[in-house]
Amino acid sequence: MGSVTLTIDGQATEAEEGATILEAAQQAGIYIPALCYHPDLKPLAESRLDLACRLCIVQLEGLKDLSLSCITPVAQGMKVYTETSRIQELRREKLKSILLQHPHACFTCDRVERCRPSDICILNVSVAERCVACPKNGRCELQKVVQYIGLDESPIPYTPKGLPKIKGEPLFDRDYNLCILCGRCVQICRDVLGVGAIGFISQDGRVLVGPTSGDSYKDSGCKFCGACVEVCPTAALMDQGERWTPFPDREAALVPCSHACPAGIDVPRYTHLISEGEFAAAAAVIREKVPFPGVLGRVCFHPCEDRCRRGELNQPVAIKALKRFAAEYDNRKWKQSSKIAPPTGKRVAIVGSGPAGLTAAYYLAKMGHSVTVFEALPQPGGMMRVGIPAYRLPRETLNAEIEEIQNVGVAIKTNTRINSLEELFEQGYHAVFLALGAHQDAKMEVEGENSATVKGCVSFLREVNLGNDVKLGDKVAVIGGGNAAIDASRVALRLGAKQVTIFYRRSRKEIPASSEEVEEALQEGVNIVFLTAPSKISEENGKMRVECTRMKLGRPDASGRRRPEPIMGSELSMCSDSVIAAIGQMPLLPQGFGLRAREDNTLQVDPETLATSREGVFAGGDVVSGPSSVIEAITMGRQAASSIDKYLGSSGMIEETLAPAKQPNPWLGHDDGFAYWQRVEVPCLSLEQREHSFAEVKLGIDPEAAIKEAKRCLRCNLRLGISTVRSPPLEAEK
């Protein structure tokens, strides 16, 4: 396509053939006000010029009538004038006609930037009637246009429309009183997204924008992507929660799943790839941030799902299940894009082969450093291997992903305990990363807990997961309410215990274990006694007697949970063959390290670099944070790799692109009942199949189910790709 030359306000400019005058002016940096125009939408058709705001009028030399710049194409030699006195006067008149239909108190209030709902409006307009565009995070276009065009001193009357304000639907609010019928929301929903859930409707003789079918957006097939909110030039459409308090981080608020992920995995991107059948590309996207997609697809506690906006419709997208699916359908094509830098000659020692240590090792090796991992246990994997039972994390999955880490050049030495940092530096290592985990059981501080028949949960799970023979007896008592306690109780059943009881000192609401893990434990027959804490453990006739006290919840403690308080005279007891104490765990630090640590044995580090109190020594994972999740440990491993690379004189850049980047297609299409689509149910082994078996309980989903589930995604990220409308110049720039 060729180009034409035209003159706008005396400024010569070039524009592509077929472009409108408005587009040419914007390209040249010349502002023309417009409220119905949006750069991502087609110009209004001749049949819909009744929707035109007509603020974009311009004068063409040789023509008597004014032209709408948003629909008039450029022509060779055309001369355009945008700011004549006639144009300015007509714009003011048109603007007045718009404001006659719009509550515009904030446009004439000199306190608008400081006003809050609790203030007494100096215009004597109630909060319920005011235009609330002012808090729209500086994105109210109508307000900016009013300020640019200006109004004369005469007041503009406004009669309240008394139209409905819809606040009961998910994700965003609608206030028909603030709508100026620009048509942008209708256009983007119909023409760009292909959904067609909103349109112009007639209600009591008035034209409104509303659902094209049914009484709600949910019934009209709305995809709740938020594109209509993004293009709205007033506050007629607003995100819930933003009306009076602008989002401090819009991207985090609008695409919360990726921002909730500690590692920053691009959830919308890989979910969409699955929906299109591009399973290997989805796996590559996940691997751009983590080397353990299969592990996370099984054991991650998915903070992304807790923040998924789909959950406000019915149920969040099953993101963890989709992650596992992508890992299982990975064809390893991402390896073609995965690069390993030339050798740097620098050596790094990593102590501990858990998720933090192996993640750091993986990225440091890819950056060209020689990496050796030292592991005290006979097998690598840290808590992923010895803390998580095989029925949740199959060993073949863990082994395969550790093998991928070894394939980039990481050496792993098992049965090797490191007690001296000096020896590592003497061996020629230039930096050390401590990822020791938290393998020491915390004490209950009750009488009798040091008995040989009281097992620490961490020690118990380690022995079982390493294949050692562990005897428990028929009746087992587990003390605690975390994920480790739930794992210990389910493992005890698989080892042959006939009765397993968990004692937890708070209620079901406060239990820190994952709700889905708690539910599965209950299904398998674990009994949980809430609001009960042990007070004494003793041996009696070859059995263990656990004496407990009933608790009540008092005021919140430092964790934010209500503090358990004993109820006097409420003692009870239970006899068992074994007691497993699962009240917490802490790191075990070699005395020879000589590093600055806290009272709970966690290491003190610089939060930005993870550097310890000793030069060249870094630390991360549970040894710094205390017992945490796999994804959080992986995130610290990435952080450590970047910091160590910088320490060794390089850039610290570990980001990589493993899946081809392409512009997402905004076309969503119409699907009846989209808002009511149910979350996929992940198939599981039957209770009979689980008995005395460590076979994986959750079986994963097939391609058909994965595609269907991925299509439940609201595609919130598309909104971030919508163009920003050009703002009027500041007063000094006019």
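One definition before anything else: two strands count as paired if DSSP finds at least two bridges between them. Helices (H or I, at least four residues) and strands (E, at least two) are DSSP runs, numbered from the N terminus. What you see is a predicted model, where local features need pLDDT of at least 70, side-chain atom pairs count only at pLDDT 80 or more, and totals for chains, interfaces and linings use all residues. Residues are numbered from 1 along each chain as its sequence is written, and side-chain values use heavy atoms, with hydrogens and water left out.

So, the pairing I had in mind. Phe172 has Asp239 in β10 as its bridge partner. The strand β7, residues 172-175, is joined to β10 by three bridges, and the two run antiparallel. They belong to an open sheet of three strands, ordered β6-β7-β10, with antiparallel pairing. Which strands are at the edges? Those are β6 (165-166) and β10 (237-239), each of which pairs on one side only.

Now the whole chain. It has 23 helices and 25 strands. Along the principal axes, its C-alpha atoms fill a box of roughly 105 × 65 × 50 Å. Of the 734 residues, 55% are buried; buried means under 20% relative accessible area, exposed over 50%, and partly exposed in between, with a 1.4 Å probe and protein chains only. Contact here means heavy atoms within 4.5 Å. Among contacts between residues at least 6 apart in sequence, 69% join residues at least 24 apart.

Next, a helix pair. Two packed helices are described by the angle between their axes and the distance between the axes. The axes are lines fitted to C-alpha atoms, for helices over the stretch in contact, and angles run from 0 to 180 degrees between N-to-C directions. Helix α2 (residues 85-99) packs with helix α3 (residues 141-149) at about 145°, and their axes are 11 Å apart. Which residues meet there? From α2 they are Arg91, Arg92, Leu95 and Leu99, and from α3 they are Leu142, Val145, Val146 and Ile149. By class, this contact of α2 with α3 has six nonpolar residues, two charged and no polar ones. For the classes, Ala, Val, Leu, Ile, Met, Phe, Trp, Tyr, Cys and Pro count as nonpolar, Asp, Glu, Lys and Arg as charged, and the others, Gly among them, as polar.

Cys189 lies in helix α4, residues 184-192. Is Cys189 buried or exposed? Its relative accessible area is 9%, so Cys189 is buried. Setting aside neighbours within four places in sequence, Cys189 is in contact with Gly194, Val195, Gly196, Ala197 and Ile198.

Eight bridges join β20 (residues 532-540) to β21 (residues 543-556), antiparallel. Ile537 has Val546 in β21 as its bridge partner. This hairpin of β20 and β21 has two residues between the strands, and Asn541 in the turn has a positive phi of about 55°. On to β22 (residues 562-576): 10 bridges join β21 to that strand, again antiparallel. Glu547 stands opposite Ser573 in β22. Five residues lie between β21 and β22 in their hairpin, where Gly560 takes a positive phi near 90°.

Last, salt bridges. The term means a side-chain nitrogen of Lys or Arg within 4 Å of a carboxyl oxygen of Asp or Glu. How many are there in the whole structure? The search finds 41. Take Arg392 and Asp487, whose closest N and O atoms are 2.8 Å apart. This pair links distant parts of the chain, 95 residues apart: Arg392 is in the loop between α14 (383-386) and α15 (395-407), and Asp487 is in helix α18, residues 483-494. Both Arg392 and Asp487 are buried.

A second salt bridge is Arg490 with Glu520, at 2.9 Å between the closest N and O atoms. Arg490 lies in α18 and Glu520 in helix α19 (residues 515-524), so this pair ties together parts 30 residues apart in sequence. Arg490 and Glu520 are both buried. Salt bridges that share partners put Arg392, Asp487, Arg490 and Glu520 into one network, whose members also include Lys320, Arg494 and Arg690.
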